[in-house]
Amino acid sequence: MGIPADLLDSHDDGKVMGFVLDQLTDPDAFLAKVQELYAEPSAESLDLLHFSDGRTFERYSRPQRVAEAVVGRVWSFRDITARMQAQDQARTAISDLARQADELKLLAFQDHLTGLANRSLFRDRLDQALNAGDRSRIHVLLLDLDDFKEVNDVLGHQAGDEMLIEAGRRLGRCVGPADTVARLGGDEFVILLTSTLDPDAVAARVVGALNAPFALYGREIHPSISLGLTSADTRLHATDLLRRADIAMYAAKAAGKNCYVRFHPDMMAALLARTDLEAGLRTAVERGEITVHYQPVVNAPEATVTQIEALVRWQRPDRIISPSEFIPAAESTGLINAIGQEVLTQACTQLRSWLTGDQNRRVAVNVSAVQLRAPGYARTVLDTLAALGIRGDQLILEVTESVFLDPVQHISAQLGLLRGQGIKVALDDFGTGYSSLGRLQDLPVDILKIDQSFVSVIITGEEELPILDSMTAMAHNLGLKITAEGVETTEQARHLVRLGCDSLQGYFFTRPVPPQELAAAEKHATQRIKELRSGDVPETAAKPSR
Ligand code: C2E
Ligand code: CA
Ligand code: CA
């Protein structure tokens, strides 16, 4: 205690006590304890003394006994400053660790960019909500920003980040305190509603809130989102809910974006059908399920069939599937290349004797842009013709206008190569695409196929149809041949012949038929055009089918 020797030697207890008390942080407590113990001679005690200079002493006191009698009191003091400091340090270290662990835990459940909940926390909350019992108020909203990639690409990642942060802020304002807004990654967000009675209203609010413009690097951005909404029922798990919300979100995109769509079980069926279709399509060629039907096209001035269009069919074990159902999937998977080749081979093989019987006869085959983009397409076509002994000028390739929107120079080059060998190119579905009449002269085409939608407007054959008139006039001025598609009535056929169409095709003459019925169909079509030309055909009584 640092009591000077001379002070001790003075045996003045009051002064010694005063010296000690001066150093203590709580002298009163010290004195009180001393008095308490002297008042109770048999008591024992252990307590701590804190010195103003930071030292800590342990004070132990117990009675001094001789035989059974208490004759005095023993005091012992121990400097435990070092031990206390070590303990203090340990305590601080532990509480620091605990705080860091809390922060880490928070980070592990937080999206670092937006500060929203992240995927794990969302899953946690969703599981909790589902386990809590009443599921009638649990709804999941999955959404993503519609044109986020563009903002990122055009304005940069910094701007993209700002947009995500702003989107997160807006989402947060659309929901209640009990709900969870999380960012799943990229531009994908998810909301868990647990208390609302009207989730559709919340979904609509979210779409509206995101749609308000905001300034980003000097530009005004109008963000929009596609949102899928689904509600929990008694048996769904968290993964089911997220999957359903995802499917609904894709439906919202398909519906034109900037909207919300509620999940419906039919969407699941459509998805399953789609994957089933794709899986089946993969093996369709090797299983011999790709077949071709043929529709004769009549030559109006000659009143004969000089052309036959090949139309693909997919013969599945249970039914025949029409091209409009599977061509899009075939194109997006690239399977169209093999299917297209199969159609060309079958058509040339099956029509070979018909084609070689008269050099003015032609087969028309539909080609999609995907095929034309494949390197070596022109080569394979020419090889196929050569192998079967069919002349180039007996093949027509039908393409749609979208082919010419493709910036790939390669497509024009392939068509150029093919036309160089006498192959004709027909522009299918003319009038439904983007091409203006004025652009026609720049396109590498020989034949114009007027789309059925222009033919179906002919009802009596007496009406004024200026578009049809200018289409045919323009095409002829450019030296193109004209085929009218989807001719269903006498009135249409007669009007189109009068207009000067070179060829006609449609149910009025014959439907597309399998190869074994082709001879009969050709005969029927020839009959029809002969009757029409000789004026020997009655007006169709029934209205056209559309
Ligand atoms: P498209 O090339 O415009 O073929 C004409 C479509 O109209 C055919 O449908 C045909 O059956 C139908 N049609 C013919 N006459 C009439 C008529 O008088 N009235 C009505 N309402 N329809 C008529 P299909 O066979 O279902 O083919 C649909 C489309 O699928 C074709 O339209 C073509 O774009 C595509 N397609 C067909 N075969 C192939 C192919 O081998 N390859 C590619 N890439 N596409 C094909
Ligand atoms: Ca066609
Ligand atoms: Ca067409």
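1. Along the chain, the donors of the calcium ion (ligand 3) follow the spacing D-D-x55-E. Those protein donors are Asp-428 (OD), Asp-429 (OD), Glu-485 (OE) and Glu-485 (OE), at 2.1 to 2.4 Å from the ion. Donors here are N, O and S atoms within 2.8 Å of the metal (3.2 Å for Na, K and Ca), and water is not among the atoms, so sites may look incomplete.

2. The model is predicted: local features need pLDDT of at least 70 and side-chain atom pairs count only at pLDDT 80 or more, while totals for chains, interfaces and linings use all residues. Residues are numbered from 1 along each chain as its sequence is written, chains are lettered from A and ligands numbered from 1 in the order in which they are written, and side-chain values use heavy atoms, with hydrogens and water left out.

3. Distant parts of the chain are linked by the pair of Glu-398 in strand E15 (residues 395–400) and Asp-428 in strand E16 (residues 424–430), which are 30 residues apart. Strands (E, at least two residues) and helices (H or I, at least four) are DSSP runs, numbered from the N terminus.

4. Which residue coordinates both the calcium ion (ligand 3) and the calcium ion (ligand 2)? Asp-428 does, and the two ions are 4.3 Å apart.

5. Glu-398 is buried at a relative accessible area of 2%, Asp-428 is buried at 7%, and Glu-485 counts as buried at 12%. The classes are buried under 20% relative accessible area, exposed over 50% and partly exposed in between (1.4 Å probe, protein chains only).

6. Four aromatic pairs are found in a search of the whole structure. One of them joins Tyr-38 and Trp-75, which are tilted at 50° between the planes and 6.0 Å centre to centre. Because Tyr-38 lies in helix H3 (residues 27–39) and Trp-75 in strand E3 (residues 69–79), this pair ties together parts that are 37 residues apart in sequence. Tyr-38 is exposed, with a relative accessible area of 52%, whereas Trp-75 is partly exposed at 24%.

7. The rings of Phe-51 and Phe-57 are also tilted, with centres 4.6 Å apart and planes at 55°. Rings of Phe, Tyr and Trp (its six-membered ring) pair if their centres lie within 6.5 Å; planes under 30 degrees apart count as stacked, over 60 as edge-to-face and the rest as tilted. Phe-51 is buried at 3% relative accessibility, and Phe-57 is buried at 7%.

8. Arg-55 lies over the face of Phe-51, 4.5 Å from the ring centre. Arg-511 lies over the face of Tyr-507, at 3.9 Å from the ring centre. The criterion is NZ of Lys or CZ of Arg within 6 Å of the ring centre and within 35 degrees of the ring normal.

9. The domain assignment gives domain 1 (5–83), domain 2 (119–263) and domain 3 (284–533); such bounds come from an automatic or database domain assignment. Taken over C-alpha atoms, the centres of domain 1 and domain 2 are separated by 70 Å.
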